[in-house]
Amino acid sequence: MSAGQVDTHCPYCALQCGTRLSRQDGAGSVRVQPSEFPVNRGGLCAKGWTAPAVLDTPDRLRHPLLRDPHGRQTPVGWDTALDRVAERLRRIRQEHGPDAVAVFGSGGLTNEKAYLLGKFARLALGTSQIDYNGRFCMASAAAAGNAAFGVDRGLPFPVTDLADADAVLLAGANVAETMPPLLRHLERAALIVIDPRRTRTAELAALHLQPAPGTDLALALGLLHLAVTEHALDRRFISERTSGFDEAWQHALAWWPERVERVTGVPADEQRRAVRLLADARNAYVLTGRGVEQHSKGADTAAAFVNLALALGLPGRLGSGYGCLTGQGNGQGGREHGQKADQLPGYRSLTDPAARAHVAGVWGVEPGELPGPGRSAYKLLDALGRPGGPRALLVFGSNPAVSAPDAGRISERLRALDLLVVADFVPSETARLADAVFPVTQWAEEEGTMTSLEGRILRRRRLLDPPAGVRGDLEVMQGLAVRLGRPAEQFPAAPRAVFDELRRASQGGLADYSGISYDRLDSGEALYWPCPQSPAGVEAHPGTPRLFLDRFAHPDGRARFAAVDHRDAAEPVCAEYPLTATTGRVLSHYQSGAQTRRVDELLTAAPEMYVEMHPDTAAGAGLTDGTTAEVRSRRGRVTARVKVVKTMRPDTVFLPFHFPGDGRANLVTNPALDPRSEMPEFKVCAVRVAPVGREA
């Protein structure tokens, strides 16, 4: 590999496609080519091909910014910015206590950043108030996976295993737009797609089940019912490797096909066909995505699909299984190493005395110095600036002004803070609200590791130096920690040093990285966690590509069925708000759009906010294709261009969530939380639509 090129990975989704970056003679613009990495096999989506464009976007942040007395964000030097922020953090902590300062992280941060951010919050700031935007993405499937299997790894098998599948059920996952290279592994399988919309993925399916938004749990219960009545159960697997089936069946018993059809709109014969496709397959998988999870009952819905997979004997069998399609680039690693409200590195519980003792020992402090669990993401954001809530917030790699539910309310909370600090590489909508902004490196300018949706640890490699005036997130944390009285060596700024500490902190945990090193990764080893440290003189642990082949991670080695039942969405439709709005991603954009909206090719493909609706729905509201509509809920309103789509359900409208300003889909979404995962209900809210300027 020449000095002018590196092998690394795409900065976007959790598929983490392999790429080769290069610059002619080590200078000029960055060129990207897909590599023959197993998950993408020489393919990339439009976002991956255009990723280098964000590196030199014209409005790239290149200097720290502080808000001056006139309210303007003004460039300053690094020492000035760090000194000022540290001084204000000290004052707020002295006057209001350590929990008056909060931290909000991201599933896009490298493992090293996510790990050090959790340590920074708990040691340098002494606060319990830390969570991250992954609470909005994967939390429900994580809760279901931990309960069922004893461990949460999105895919407990390599992506390449899917290529031998005969049937794959995709529930709430539009992979043709969210991670297109994954389709290369699904070409052989008969796809069963569950989605309220006729998505690009649904168009490829052998069978598309189109339930009303918010009824996936009823449908999953009905499929389990049919697995029993159609004699599709793997009774030996259930007997030998699971527990709790009888209790789960007592709930599914009441969901016969015709009742499910009345609730969901999915015809009974299509339900039967779906179960038969899975049961007759030699190799089959059940895969879930955000459409299953982002509900006030998302954890139970994910658990119901796990139940279906267990009933068919899929998990823990070579060539079959259950998996969650993790979304963000480091959505897997980001939820393992301590930036969650209730978590310590290695996927340890913050309330476990043994876990606290282990991590405190690695950090060189007493266990009692570690704060307890704090507020989860939405509760944390909603508490900002309120009595008893945080008065300062540090945001790393996230854009909650666009991505949080009830975004208008959350933007008000951000403005109510005494101090908002944002570390980012572009002036996101959240950064524009900040009192202090730290310009930080992008993916091609830094070293580190990421953990893909299949639990494989990958090396992010630097091709070029960052612009003058830009620093890494680790340097920002170190600079603040030192100014807050911590020794510099406690917060190393070198990624390799941070990873070596992460290895020790994770040792013995569920997500054990202790046997993984930069040297092993750089030598080309494919390492999946858990990968424990081998004793001296013993061959290095090879990692664990496939979990559960011998036993599940519960003490008794068995997987556990969940006794769950359907309940309605938190906000039903009514005469005033007669339609259901659901949200999602589109091919050209990613997350809040802060990166992709800065790429001309991607913005041209999807330049503005729009709302999809059925022709009859549009006509009933006095709207036609291309006109501008107002979509209003109890919380706010969105302005969007109308797209008339014949395959939409007449009772449903769709809003992509990538756009800013009055085009923010999350101005209308419902922050009702799942009681188990505390995931907000992004996928269902009651709305009405009308032409702009004319209320319905």
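Reader: Is Glu429 buried or exposed?

Author: In this predicted model, Glu429 has 15% relative accessibility and therefore counts as buried, the cut-off being under 20%.

Reader: Which residue does the side chain of Glu429 meet in a salt bridge?

Author: Side chains of opposite charge can pair when their charged atoms come close. Here Glu429 meets Arg432, with 3.6 Å from N to O. Arg432 counts as partly exposed, at 44% relative accessibility.

Reader: How many salt bridges does the count come to?

Author: The count comes to 42 salt bridges. One of them joins Asp68 and Arg72, at 3.3 Å from N to O. Asp68 counts as buried at 18% relative accessibility, whereas Arg72 counts as exposed at 51%.

Reader: Which residues are linked in a network of salt bridges?

Author: Such a network links Lys113, Glu446, Arg460 and Asp473.

Reader: Now the sheet. In what order do the strands of the open sheet stand?

Author: Strands of a sheet pair through backbone hydrogen bonds, either parallel or antiparallel. In this open sheet the pairing is parallel, and the five strands follow the order β10-β9-β8-β12-β13.

Reader: Why is one side of β10 and of β13 left without a neighbour in the sheet?

Author: β10 (207–209) and β13 (321–324) stand at the edges and have a single partner strand each, so one side of each has no neighbour in the sheet. On average, neighbouring strands of this sheet are turned by 15° against each other, direction ignored.

Reader: How many bridges join β9 to β10?

Author: Three bridges join β10 to strand β9 (residues 190–194), and the two run parallel. Val193 has His208 in β10 as its bridge partner.

Reader: What volume does the largest pocket have, and which residues lie nearest its centre?

Author: The volume of the largest pocket is about 380 Å³. Its lining has 23 residues, with Arg135, Asn146, Lys340, Asp342 and Tyr347 nearest the centre.

Conventions: Residues are numbered from 1 along each chain as its sequence is written. This is a predicted model: local features need pLDDT of at least 70, side-chain atom pairs count only at pLDDT 80 or more; totals for chains, interfaces and linings use all residues. Side-chain values use heavy atoms; hydrogens and water are left out. Two strands pair if DSSP finds at least two bridges between them. Helices (H or I, at least four residues) and strands (E, at least two) are DSSP runs, numbered from the N terminus. Axes are lines fitted to C-alpha atoms, for helices over the stretch in contact, and angles run from 0 to 180 degrees between N-to-C directions. On a 1 Å grid over the protein atoms alone, a cavity is a set of points where a 1.4 Å probe fits but cannot get out, and a pocket is an open set with protein on both sides within 12 Å along at least five of seven lines; lining residues have an atom within 4 Å of a point. Grid points are joined across faces, edges and corners, and a volume is the space filled by probe spheres set on the points. A salt bridge is a side-chain nitrogen of Lys or Arg within 4 Å of a carboxyl oxygen of Asp or Glu. Buried means under 20% relative accessible area, exposed over 50%, partly exposed in between (1.4 Å probe, protein chains only).
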